[in-house]
Amino acid sequence: MYSSYINGEWKTTGKTFEDFSPVTLSNFADVIDADAADAKAAVEAAHQAFPTWSGLSADERSAYLIKVAEALEEMATEVEEILINEVGSWIGKAKFESTTAPKMWRTAATLAAQVKGYELVSPTGKKSMVVREPLGVVSVITPWNVPLNLSSRTTSGILAVGNTVVLKPSELSPISGGWVLAKAFEKAGVPKGVFNVLTCSKQQVAEVGEVITTHPKVKAISFTGSTKIGKHIAGKAGALLKKVSMELGGKDAMIIMEDADLSTAVNAAVFSSFNHSGQVCMGTKRIYVAEKIADEFIQRFTTKTKTLQYGDVRDFAKPIAPLINETQAQKVEAQVEDAISKGATVLAGGERDGLYFQPTILKDVTPEMTTYAAETFGPVVSVYVYKDIDEAIRAVNASEFGLSGAVITNNTEKGYEVAQQMESGMCHVNDGTVYNEILAPFGGVKNSGIGRYGGQASVENFTTTRWITVAEKGKQFPPVFMESN
Ligand code: NAD
């Protein structure tokens, strides 16, 4: 039985909910449903654990995080099976997560000793120090698409610098996004209450979410998910003056310049558009290609896309994954049907087969079509042909979103210039939009979010600045206030 992990204990009784598998189209596992009382208990446990955890030396915290990494490495095969069954990961993506997550924990172990302060020259001769300290209990809410990595990237840095955590994974990935990490923490022998996981159903999310985002003992909220829910949570947390980090939706764009190497362009476009069937926040959803090379790019991009197969997620040669559930499949289908009905041309795909949606390329997409501006979160990309680069940059920046971006060109200097003008938190020249490094600051602008994760960004995001002075030689006050007067 899978369940919540609170104060070092597994919840063993209570109602259960079904964890649907998009691969077998049946119930993958029963999971015990957390409620508001569990959420309060988790926050209390994290609060109680905070003084001890934050009081450990950096070396002691690092040692625990390395043990978590080792436990995850030992669980790799089991974890891959869970990732395949629970969220429909293709085997290549499941292996990517099972190997990247331990690296994230090992990297976080190095952050524990990288919390930096500095000394000021005090005008009054005091010792004057600026230090960074952990915040306290941090609530972490994560989505289902890359569940183990997204739960790891957030919580690892948060814990490394001395905070304690209450993690609520998605109701669609309670096991890969939560239970797996709790198991690793149990195996690693991390003190109870430092890391708590709440597994709950869709019906319970509002109740559990309310506790972990508004509880007075919660000092910060790290949310990864849709812009709609993120804004709802940020609104509540903001009113309570809690610190928030929001990693939200995207409609990422790639600009292919007229001097681009076409094979680089095609490879980057195919991978970034269709990896995990486009269910990636930084997936490429809009491609702007220079008129001069548009015909050849479109022909080659379409040809390669049509070779991508689906049907067996355990087959390395069939990388197209099922969509997570019927609701998401219907959303993608509705966007494509709406575009076709309003005049879009389908260059590849366009059809649905159960939860699988063919990798789809659309052309002649206009602002009247939903897919022009709305997030798709499926394997659908629109291609636009541009005459001059300024026009392409303007179109890219007209989006409400700004997570990642890409520029393909043989003139890397010009590519860097274009990247600078694109409104996105991240941008990559001669690569796709889907790219991350564990120590790099990951995050978006506009409706794609606020806050950054990775390396120093995590350290800064999840610590607070304090100013401490010491009057070593005594302190002079206005004479009238002094005893000696
Ligand atoms: P979602 O917003 O529906 O859910 C995200 C999380 O919020 C889940 O854990 C869900 O249970 C929780 N939640 C829902 N209502 C809540 C409430 N009232 N209180 C507290 N928690 C609540 O998103 P999703 O469908 O799970 O994931 C897809 C979305 O996530 C897409 O928009 C995608 O772009 C985005 N995403 C962003 C990033 C990033 O790093 N920017 C990464 C992955 C996914």
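Predicted model: local features only at pLDDT ≥ 70, side-chain atom pairs only at ≥ 80, totals over all residues.
Guide: Local features need pLDDT of at least 70 and side-chain atom pairs pLDDT 80 or more, while totals for chains, interfaces and linings use all residues. Residues are numbered from 1 along each chain, and side-chain values use heavy atoms, without hydrogens and water.

Visitor: How do you know where domain 1 and domain 2 lie?
Guide: The bounds come from an automatic or database domain assignment. Domain 1 is 5-248 + 448-469, and domain 2 is 252-429. Their centres, taken over C-alpha atoms, are 31 Å apart.

Visitor: What is the area buried between domain 1 and domain 2?
Guide: Buried area is the accessible area (1.4 Å probe) that two parts lose on being put together, summed over both. Here that is about 1900 Å², with 65% from carbon and sulfur atoms. W90, W144 and S448 supply 32% of what domain 1 buries against domain 2, more than any other three residues.

Visitor: Why is the pair E81 and R314 called a salt bridge?
Guide: The rule asks for a side-chain nitrogen of Lys or Arg within 4 Å of a carboxyl oxygen of Asp or Glu. E81 and R314 meet at 2.7 Å, N to O, so the pair qualifies. Across the interface of domain 1 and domain 2, the rule finds 1 salt bridge.

Visitor: What makes K95 and E80 a salt bridge?
Guide: Their N to O distance is 3.0 Å, so this pair passes too. K95 sits in helix α4 and E80 in helix α3, 15 residues apart. Helices are DSSP runs (H or I, at least four residues), numbered from the N terminus. The whole structure has 18 salt bridges.

Visitor: Why is the group Y118, L120 and W467 called a nonpolar patch?
Guide: Patch residues have over 30% relative accessible area (Shrake-Rupley, 1.4 Å probe) and no salt bridge, with nonpolar side chains joined within 5 Å. Y118, L120 and W467 make such a patch, of about 380 Å².

How values were computed. Patch = residues over 30% accessible without salt bridge, like charges linked within 9 Å, V, L, I, M, F, W, Y side chains within 5 Å. Helix = DSSP H or I, 4+ residues; strand = E, 2+ residues; numbered from the N terminus.
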